[in-house]
Amino acid sequence: MRRPARPPRLGLTGGPLPGDSTSTSFFITARLAGQDTREAFTTVLLEQLAALIGQDLPGTMNEANREAHLHDLLAQAAASCHSAGGRLVLVVDGLDEDRGVTLGPDAHSIAALLPANPPAGMRIIVAGRPNPPVPDDVPDWHPLRDPGIGRP
């Protein structure tokens with residue numbers, strides 16, 4: 001058996017120096033109940049971001065303002081990391097398994113929640129298969145629609 005030219009994995013290691021990145025992540029999977037919807041993504045990310053910046057989740061959060069709280073906490077966490085000389089990195093794996101757009105006419109995708117212009121130096125890493133394509137509720141101008149961002 002021939003070894004591949006490059007290892008199939010990538011490991012990143014950082015030391016305890018200023019400028020480190022802080023990551024939050026969500027792994028979309030249809031194999032686990034409730035891990036493939038926009039609501040699940042929002043809930044998990046809100047918890048991670050609140051913990052990262054040392055805040056409790058607002059008690060007034062509901063379906064109508066949950067996504068606004070998410071974007072606010074993303075901005076706060078990114079600013080906190082940036083002011084400490086680092087960077088917030090959001091990793092979202094499994095965009096192809098996002099069931100948000102298949103649940104009905106009032107459902108929306110996880111992809112459409114991702115900021116087009118991440119705040120305070122934040123970076124977003126997404127992974128997924130090419131099919132299904134980027135969901136219809138992602139605006140035409142969003143970077144996820146840029147064919148140049150894909151890397152095999």
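**A pair in the interior**

Reply: Phe-26 and Phe-41 are both buried. Keep in mind that this is a predicted model.

Start with the pair itself. A search of the whole structure turns up one aromatic pair. Its members are Phe-26 and Phe-41, and their arrangement is edge-to-face. An angle over 60 degrees counts as edge-to-face. Phe-26 belongs to strand E1 (residues 21-27), while Phe-41 belongs to helix H1 (residues 38-53), so the pair ties together parts that are 15 residues apart in sequence.

Now step back to the chain. It has two helices and three strands. Along the sequence they follow the pattern β-α-α-β-β. The chain has 152 residues, and 29% of them count as buried. Take the contacts with a separation of 6 or more: 69% of them join residues 24 or more positions apart. The accessible surface is about 10,100 Å², and carbon and sulfur atoms hold 54% of it.

Another buried residue is worth a look. Asp-98 sits in the loop between strand E2 (87-93) and strand E3 (123-127). Asp-98 is buried, yet it has no salt bridge. The nearest side chain of opposite charge is Arg-38, 7.2 Å away. A salt bridge needs the charged atoms within 4 Å. Instead, the side chain of Asp-98 reaches the backbone nitrogen of Ile-110 at 2.6 Å. Beyond its neighbours within four places in sequence, Asp-98 is in contact with Ile-28, Asp-36, Ser-109, Ile-110 and Ala-111.

Terms used. Residues numbered from 1 in each chain as written. Predicted model: local features only at pLDDT ≥ 70, side-chain atom pairs only at ≥ 80, totals over all residues. Heavy atoms only, no water. Helix = DSSP H or I, 4+ residues; strand = E, 2+ residues; numbered from the N terminus. Buried < 20%, exposed > 50% of the residue type's maximum accessible area, 1.4 Å probe, protein only. Lys, Arg positive; Asp, Glu negative; His and termini not counted. Polar contact = N/O pair within 3.5 Å; in protein donor to acceptor, adjacent residues only side chain to side chain. Contact = heavy atoms within 4.5 Å. Phe/Tyr/Trp six-rings, centres within 6.5 Å; stacked < 30°, edge-to-face > 60°. Areas by Shrake-Rupley, 256 points an atom, 1.4 Å probe, with all protein chains shown as cover.
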